[in-house]
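The sequence and the structure come before the text.

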Amino acid sequence: MRKVVWGVLSTAKIGTQKVLPGMQKSAWCDIRAIASRSLESAASAARALGIPKAYGSYEELIDDPDIEAIYNPLPNHLHVPLTLRAARAGKHVLCEKPIAMSADEAAELREVGDKVLIMEAFMVRFHPQWLRALELVREGRIGTLRVVQMLFCYFNDNPADIRNIADAGGGALYDIGCYPITAGRFFFQGEPRRGIALIERDPQFHTDRLASALVDFGDGRHLDFSCSTQSARYQRIQLSGSKGRIEIQVPINAAQGAKTTLLVDDGSPDGAGIRTEILAESDQYMLQGEAFSRAIRGDLKLAYGVEDAIGSMRVIDALFRSEKSGHWEQV
């Protein structure tokens, strides 16, 4: 086995603080270079993470012949342009979520989707707690899954933060609402039909600071979620079935290298049937990078590509249309 040689576009915190340290634990990943618009910034990040090369432009890194795969954690409005640039240069791309600003923009990636691997970086799909919860659902441990419910919030009113800049793809739905959408598609193992949303916008930033949605997956299956960029920090997923319930207590930001907990409820009165399932230590960022690298080497088939990413954006598009129409919108 030969490690996949990776390059990184930007010194974004999600990369330098979480994704890259996780990937560096893997025997499949060699983080060889990092780029920024400032060589000084790239060099500083490279020193801190022990990365051999630093570049003062994204183009220099993409043109490096040694780089096989690119991790793209740039601001949302730059995801597709730089992913296309890297893919046209023959590089595989792991791109942060959301992969685009719309389904139409995401569809531009079809041009290169059959030439290289492109995946949206929903690391949660590789975490043992999500995989175990899905296994329990498939086994019928909670009967027929009826409701996926999620609350995901944090508080950030910094006008300089990229997540509060509308033109760069800021706001709750893009930043964190994409996670419950992914959860619905993941646990229902299907695609939704329609959605309706209630959205409240920040008067200064014009970003959606509170978004609540109901998404219909058909056959009596609903995704119900609220997400906010200006509420108390919290995250939780409930999977409610005809006979029981599963609760994922820290579904998105599980601590790297830590054990995680699932609550499995058999539906007995007053919670008498709730049992705790403790899962072994894991790092979802390592597992994500490892899976993508193994797919590049042909060691496994990757389940998530361009079409999957377009599917996620279609839901976000429908919810933004619903904000304006006040009605259900087809996905």
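## Burial and overall form

A residue is called buried when its relative accessible area is under 20%, and exposed when that area is over 50%. The model is predicted. Of the 331 residues of the protein chain, 56% are buried by this cut-off. The accessible surface of the protein chain comes to about 13,900 Å², with 49% of it supplied by carbon and sulfur atoms.

The protein chain holds nine helices and 15 strands. Its radius of gyration is 20 Å, close to the 20 Å from the globule rule for 331 residues, so the protein chain is as compact as a globular protein of that length. The C-alpha trace spans about 60 × 45 × 35 Å along the principal axes. Among contacts in the protein chain with a separation of 6 or more, 66% join residues 24 or more positions apart.

## The nonpolar core

The largest nonpolar core has 103 residues, and Trp 6, Phe 187, Phe 225 and Leu 239 are the ones that touch the most other members. Helix H7 (residues 172-188) gives the most to this core, namely eleven residues.

Leu 239 shows which parts of the chain meet at one of these positions. Neighbours within four places in sequence aside, Leu 239 is in contact with Ala 133, Val 137, Ile 142, Leu 145, Val 147, Val 148 and Phe 187, and also with Gly 244, Arg 245 and Ile 246.

## Aromatic pairs and charges over rings

A pair of aromatic rings is described by the distance of the centres and the angle of the planes. With ring centres within 6.5 Å as the limit, the count is nine aromatic pairs. In one of them, Phe 126 and Tyr 304 have ring centres 6.1 Å apart and planes at 85 degrees; the pair is therefore edge-to-face, since planes over 60 degrees apart count as such. Phe 126 lies in the loop between strand E6 (118-120) and helix H6 (128-138), and Tyr 304 in the loop between helix H8 (284-296) and helix H9 (306-325), so the pair ties together parts that are 178 residues apart in sequence. Phe 126 is buried at 14% relative accessibility, and Tyr 304 is buried at 18%.

Phe 186 and Phe 187 have ring centres 5.0 Å apart and planes at 85 degrees, so this pair is edge-to-face. Both Phe 186 and Phe 187 are buried. One aromatic cluster is made up of Phe 122, Phe 152 and Tyr 179. Two arginines are placed over rings: the charged end of Arg 125 sits over the ring of Tyr 304, 3.6 Å from its centre, and Arg 194 lies over the face of Trp 328, 4.1 Å from the ring centre.

## Backbone details

Most residues other than glycine have a negative phi, and most peptide bonds are trans. The peptide bond from Lys 97 to Pro 98 is cis, with omega near -20 degrees. Pro 98 belongs to the loop between strand E5 (92-95) and helix H5 (103-107).

His 206 is not a glycine but has a positive phi of about 65 degrees. This residue is in the loop between strand E8 (194-201) and strand E9 (208-216), and His 206 is exposed, with a relative accessible area of 52%. Asp 270, also not a glycine, has a positive phi of about 60 degrees. Asp 270 is placed in the loop between strand E13 (258-265) and strand E14 (274-282) and counts as exposed at 85% relative accessibility.

Tyr 71 is part of strand E4 (residues 69-72) and is buried, with a relative accessible area of 0%. Residues in contact with Tyr 71, leaving aside neighbours within four places in sequence, include Trp 6, Gly 7, Val 8, Leu 9, Leu 94 and Glu 96. Tyr 71 and Gly 289 are 218 residues apart in sequence, and their C-alpha atoms are 9.3 Å apart.

Leu 117 is in the loop between H5 and E6 and counts as partly exposed at 27% relative accessibility. Not counting residues up to four places away in sequence, Leu 117 touches His 92, Val 93, Phe 292, Ala 295 and Ile 296. Leu 117 and Val 93 are 24 residues apart along the chain, with 6.4 Å between their C-alpha atoms.

How values were computed:
Residues numbered from 1 in each chain as written. Predicted model: local features only at pLDDT ≥ 70, side-chain atom pairs only at ≥ 80, totals over all residues. Heavy atoms only, no water. Phe/Tyr/Trp six-rings, centres within 6.5 Å; stacked < 30°, edge-to-face > 60°. Helix = DSSP H or I, 4+ residues; strand = E, 2+ residues; numbered from the N terminus. Buried < 20%, exposed > 50% of the residue type's maximum accessible area, 1.4 Å probe, protein only. Lys NZ or Arg CZ within 6 Å of the ring centre and 35° of its normal. Rg over C-alpha atoms; globule rule 2.2 N^0.38 Å. Contact = heavy atoms within 4.5 Å. Areas by Shrake-Rupley, 256 points an atom, 1.4 Å probe, with all protein chains shown as cover. Core = buried A, V, L, I, M, F, W, Y, C linked by side-chain atoms within 4.5 Å.
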